[in-house]
Amino acid sequence: MKKSLIAGVLVVYATAAGVASADAGGAYAGFGFGDASSEGIVANTTMSWKVFGGYAVNSKIAVEGGYTYFGESYVVRTNGFSAYVDYVQLTAFELAAIITYPASEQFSLFGKLGVASIGSDSTREKDITFGAGGTYRLAENLSMRASWERYQISEGNIDLLSAGIVLRF
């Protein structure tokens, strides 16, 4: 049910994007570095990073895909009677709708809602991802971006705080 709702929201945004004006649209790509934390993951031992790309249909609506490496972590798991530590390198592939509010000519706020495939080499889960952040335009095609994102998994939510660079084409 939840995945159908997310797919419906993405279709509505994509449809609305098709009839919106095309000012300030175009392709973009970026990368960022940050720190991930979770309720269920005991420790994250390395820095997280992400790469992403998208298409801004206009100044308010974009569709974005990306890959996030959450770092090396360990998770305490149980098998019914005993607990054990599982070392993992969690990653996520995601597709999201981005809604932007231009606060000024150089600064804008954004919200994000999408789906993600989250996990390690051995297991992956699909669930929703959402977040919010801000973008500060340094030049016509270059911006700085800071964001908070949440990824939901069965062991607990993963929160990512990151900062990076966006290049518009």
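A: Happy to. One term before we begin: strands are DSSP runs of E with at least two residues, and they are numbered from the N terminus. Keep in mind that this is a predicted model.

Q: Got it. How many cavities of 30 Å³ or more does the count come to?

A: The count comes to two.

Q: Which strand gives the most to the lining of the largest cavity?

A: That is S8, with four residues. Strand S1 (26-38), strand S3 (48-56), strand S8 (142-153) and strand S9 (156-168) each supply at least two residues of this lining. Among the lining residues are Phe-31, Lys-50, Phe-52, Arg-145 and Ser-162.

Q: How do the residues of that lining divide into nonpolar, polar and charged?

A: For the largest cavity there are four nonpolar, four polar and three charged residues.

Q: And what about the lining of the second largest cavity, which strand gives the most there?

A: S8 again gives the most, with four residues. Strand S6 (107-119), strand S7 (124-139) and S8 each supply at least two. The lining of the second largest cavity divides into three nonpolar, two polar and five charged residues. Glu-64, Lys-112, Arg-145 and Glu-149 are among the residues that line the second largest cavity.

Q: Let's zoom in on Glu-64. Is it buried or exposed?

A: Glu-64 has a relative accessible area of 3%, and the limit for buried is under 20%, so Glu-64 counts as buried. Its place is in strand S4 (residues 61-78).

Q: Nice. Changing topic: how many aromatic pairs does a search of the whole structure find?

A: The search finds six. In one of them, the rings of Trp-49 and Tyr-67 have their centres 5.6 Å apart and their planes at 50°.

Q: Why is that pair tilted?

A: Planes under 30 degrees apart count as stacked and those over 60 as edge-to-face; Trp-49 and Tyr-67 sit at 50°, so the pair is tilted. The pair links distant parts of the chain, with Trp-49 in strand S3 and Tyr-67 in strand S4, 18 residues apart.

Q: And what are the relative accessible area values?

A: Trp-49 is partly exposed at 31%, and Tyr-67 is also partly exposed, at 24%. Together with Tyr-69 and Phe-93, Trp-49 and Tyr-67 form one aromatic cluster.

Q: Last topic: where is the place of Gln-106?

A: Gln-106 is in the loop between strand S5 (83-102) and S6. With 39% relative accessibility, Gln-106 counts as partly exposed.

Q: What does Gln-106 touch, not counting residues up to four places away in sequence?

A: Gln-106 touches Thr-135, Tyr-136 and Arg-137. With Tyr-136 there is a polar contact between the two side chains, at 3.4 Å. Gln-106 and Thr-135 are 29 residues apart in sequence, while their C-alpha atoms are 8.0 Å apart in space.

Terms used: Residues numbered from 1 in each chain as written. Predicted model: local features only at pLDDT ≥ 70, side-chain atom pairs only at ≥ 80, totals over all residues. Heavy atoms only, no water. Buried < 20%, exposed > 50% of the residue type's maximum accessible area, 1.4 Å probe, protein only. 1 Å grid on protein atoms, 1.4 Å probe; cavity = no way out; pocket = protein on both sides within 12 Å on 5 of 7 lines; lining within 4 Å. Points joined across faces, edges and corners; volume = space filled by probe spheres on them. Nonpolar A, V, L, I, M, F, W, Y, C, P; charged D, E, K, R; others polar. Phe/Tyr/Trp six-rings, centres within 6.5 Å; stacked < 30°, edge-to-face > 60°. Contact = heavy atoms within 4.5 Å. Polar contact = N/O pair within 3.5 Å; in protein donor to acceptor, adjacent residues only side chain to side chain.
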